[in-house]
Amino acid sequence: MKIRLHLRMLAIAFALAFAGLASAQPLKDASGHAWWQHAVFYEVYPRSFADSNGDGLGDLNGITSKLDYLRKLGVEAIWITPCFPSPQVDFGYDVSDYVNIDPIYGTLADFDHLVSEAKKRDIRVILDFVVNHTSDQHPWFIDSKSSRTSAHRDWYIWRDGKGLGQPPNNWLSTFGLSAWKYDPTTQQYYYHYFYPEQPDLNWRNPAVKKAMFDVTRFWYKRGVAGFRLDAVDSLFEDPNLTDNPFLPGTDKFGRPNMQEKYNKKLPELHFALQRLRKVADEYGAVLIGETWTSQVRELEEYYGENGNELQLPMDLMLTNLPLSAQAFREHINAVDAARGWPTYVITNHDIRRSYSRYGDGIHDDDIAKLMAGLYLTLRGTPVIYYGEEIGMENNDPTSKEDVKDPIGILGWPREKGRDGERTPMQWNDGPNAGFTTGKPWLPIPPSAKTHNVGTESNDPHSVLSFYTQVLHLRKMEPALLEGVYVPVNQSDQNVISYLRKSSAGTILVVLNFSATEQNPTFDLTQQGFASAKVTGLLENAAAVPDGALKSIKLQPYGVFIGSITN
Ligand code: NOJ
């Protein structure tokens with residue numbers, strides 16, 4: 001196996017690591033692209049990233065202490081999942097105060113410090129905005145619940161039951177219970193798409209909208225560069241509360257399957273997104289969406305008809321594909337051809353890690369590099385989930401008693417919850433993987449001994465070294481940022497190949513999605529290269545001599561990236 005790092009890349013890597021400290025953060029680059037089109041995003045789950053005070057939970061100062069690592073890796077924006085005051089029923093996705101920091105993570109001063117230190121390293125900070133619901137401990141809900149005539153009553157969705165002990169309709173919470181909870185004080189039910197401790201806000205109420213827009217302003221003024229919007233597809237519900245149709249079969253909680261026709265993806269949500277975008281535009285901010293879609297056409301809708309909704313709706317469909325060249329090619333072709341700038345993710349804090357999803361037990365590291373070779377070289381913005389760059393794997397609980405995520409407790413054993421993909425970042429091979437000096441809130445996976453930042457930084461063949469090199473290549477080669485995506489050799493069942501073509505040059509990416517050696521041949525005449533010559537830029541388990549491009553030899557899951565000239 002050979003990874004080639006050219007001298008030119010080393011020079012650029014060096015320049016990137018040391019240049020630009022404390023420089024202003026421009027909104028557009030020299031070629032007129034918005035900063036978020038070229039930036040590499042990185043998701044930080046703050047509870048699990050770095051613990052600065054030994055309580056076993058990560059915190060903001062911990063994140064600040066790792067900014068140099070992130071910069072060296074090539075990260076330009078971090079999305080921090082909710083760090084606001086919260087009872088932590090859903091580990092922060094139950095917010096009880098949108099304009100403060102939870103003491104477990106630090107203070108507003110720590111946050112300001114993080115933003116200013118990040119800025120010195122040209123890293124922007126994106127927060128997670130839980131738009132659909134608050135915590136049941138939020139003062140808005142406490143007031144709402146206090147009486148039928150309270151000032152905030154209509155900030156949530158309250159309805160009479162259908163009859164004694166009967167909720168208003170058949171809607172189900174995605175977290176395993178009915179979506180309605182009876183409140184004996186006011187003798188009505190409130191609606192919660194997630195846990196009962198997460199009552200849904202009533203986005204039809206103008207006061208709710210105003211309050212939520214003001215929350216975003218508060219953070220923009222503090223230097224936040226944008227938001228990842230949580231659960232946008234459940235913002236609105238049918239006001240008539242029409243029952244959802246049932247579907248055959250049962251879900252992981254054993255309930256009848258249901259088509260969420262009347263409580264998901266209502267057209268009104270697009271007006272709310274347009275309004276949130278208007279406020280974001282006042283500050284040059286970016287909106288990323290947690291956009292669950294089953295078709296590319298649906299994903300397209302989230303950009304807005306005139307590009308006036310989300311700049312970066314995440315392509316979460318990518319996380320559902322089997323490890324197959326055909327499946328990935330077909331999907332990527334469709335996303336690239338669709339309206340808007342693609343946003344690629346291969347996992348997140350709700351989804352099994354890609355290393356565990358795709359690993360075959362033999363080529364696991366090569367498969368992790370294959371995935372990096374793919375989502376970091378496509379036209380679009382990649383979002384890296386922390387730990388993917390070192391090949392972290394899931395560490396799922398083995399008994400119900402160990403589960404922390406409530407859905408894992410409720411749904412055990414069919415649903416084990418999301419603890420497995422949220423384990424502490426593996427910084428070194430020492431105690432607790434260098435994450436904490438205390439007792440980590442989730443157990444450290446055994447793989448931390450081999451897959452950690454310290455060990456992998458010293459190994460030129462590690463997953464981390466490969467990520468770092470691809471990310472530096474991305475910055476160095478304008479074609480990887482700007483170039484159009486041109487798939488080639490499309491009938492190849494095992495190897496995905498594409499060009500990224502721009503006026504500044506052409507890059508060829510070749511990815512072996514199979515466990516066997518492959519030798520694809522290339523004729524790029526139709527793409528304007530009658531006598532194509534190739535210069536290798538980065539390889540893993542692949543070989544081709546520089547010069548006339550004929551075929552490329554790829555070991556199982558090998559990756560080749562080279563520049564093409566005539
Ligand atoms: C999506 C978040 O990613 C997930 O972690 C959370 O539980 C739900 N939304 C509810 O906020």
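Residues are numbered from 1 along each chain as its sequence is written, and side-chain values use heavy atoms, without hydrogens or water. In this predicted model, local features need pLDDT of at least 70 and side-chain atom pairs pLDDT 80 or more, while totals for chains, interfaces and linings use all residues.

Colleague: Which residue has a side-chain N or O atom 2.7 Å from an oxygen atom of the ligand?

Modeller: A polar contact is a pair of N or O atoms within 3.5 Å. For R228, a polar side-chain atom lies 3.1 Å from a ligand oxygen, and for D230 the corresponding distance is 2.8 Å. The distance of 2.7 Å belongs to H349.

Colleague: What percentage of the ligand's own accessible area does the protein cover?

Modeller: Accessible areas come from the Shrake-Rupley method with a 1.4 Å probe. On its own, the ligand has 300 Å² of such area, and the protein covers 97%.

Colleague: Where does the ligand sit?

Modeller: On a 1 Å grid over the protein atoms alone, a pocket is an open set of points with protein on both sides within 12 Å along at least five of seven lines, whereas a cavity is a set where a 1.4 Å probe fits but cannot get out; lining residues have an atom within 4 Å of a point. A molecule sits in one of these if more than half of its atoms lie within 2 Å of its grid points. The ligand is placed in the largest pocket.

Colleague: How much space lies in the largest pocket?

Modeller: Its lining comprises 48 residues, with T174, Y193, K252, K264 and W292 nearest the centre. By class, these are 15 nonpolar, 14 polar and 19 charged. The space in the largest pocket is about 1,400 Å³.

Colleague: Which helix gives the most to the lining of the largest cavity?

Modeller: The largest cavity holds about 30 Å³ of space, and its lining includes V296, L299 and E300. With 3 residues, the greatest contribution comes from residues 296–301, helix α9.

Notes. Polar contact = N/O pair within 3.5 Å; in protein donor to acceptor, adjacent residues only side chain to side chain. Points joined across faces, edges and corners; volume = space filled by probe spheres on them. Nonpolar A, V, L, I, M, F, W, Y, C, P; charged D, E, K, R; others polar. Helix = DSSP H or I, 4+ residues; strand = E, 2+ residues; numbered from the N terminus.
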